[in-house]
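Here's a quick briefing for anyone meeting this structure for the first time. Have a look at the model, then read on.

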Amino acid sequence: MRTSLIFAITVAALAYAAVASTMVVGEEWITLKSIHDPYIQNLGAWSVAEHVKQANDGLKFRKVVKSWVQAVESSREVRVAEGLNIRLAIRTRNGAGKDSTYVALLYQRSSDFSNKLVSFGPYIQPLAG
């Protein structure tokens, strides 16, 4: 299941780039509709655990509430996806029982599917309208 979801995300990102020939791969964030997929939820749990290792703030993972993906290319001429930037809006709970939403940005390398937590901070919702 994990490999098929990763493959589907990568194929979707590359297909989108191929169709939108005037756009460069990596400039557009694509919203993932499959936030309930166990793989996406596991990425969220992993992101919180990595953050806690660094910040030691005791946050607990609740669930991923939104997710986006962006292809990372090796060069603009070749258009080979080196990996994916994955942005997750994650619901967490602190030690006092208060829920908060954070956004994690992680990079996933295509060659071995290894993950790196790039950033983790409060999620600020865009203004409507």
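Phe 120 counts as buried at 17% relative accessibility, where buried means under 20% relative accessible area with a 1.4 Å probe and protein chains only. Keep in mind that this is a predicted model, where local features need pLDDT of at least 70, side-chain atom pairs count only at pLDDT 80 or more, and totals for chains, interfaces and linings use all residues. Residues are numbered from 1 along each chain as its sequence is written, and side-chain values use heavy atoms, leaving out hydrogens and water.

**The aromatic pair**
- Searching the whole structure turns up one aromatic pair.
- The ring centres of Tyr 102 and Phe 120 are 5.2 Å apart and the planes meet at 20 degrees, so the pair is stacked (centres within 6.5 Å, planes under 30 degrees apart).
- Tyr 102 is in strand E4 and Phe 120 in strand E5, 18 residues apart.
- Tyr 102 is buried too, at 18% relative accessible area.

- E4 (residues 99-109) is joined to E5 by seven bridges, and Tyr 107 has Lys 116 in E5 as its bridge partner.

**Arg 87 and two rings**
- Arg 87 lies over the face of Trp 29, 4.1 Å from the ring centre (CZ of Arg within 6 Å of the centre and within 35 degrees of the ring normal).
- The charged end of Arg 87 also sits over the ring of Trp 68, 4.8 Å from its centre.

Conventions
Two strands pair if DSSP finds at least two bridges between them. Helices (H or I, at least four residues) and strands (E, at least two) are DSSP runs, numbered from the N terminus. Rings of Phe, Tyr and Trp (its six-membered ring) pair if their centres lie within 6.5 Å; planes under 30 degrees apart count as stacked, over 60 as edge-to-face and the rest as tilted. Buried means under 20% relative accessible area, exposed over 50%, partly exposed in between (1.4 Å probe, protein chains only).
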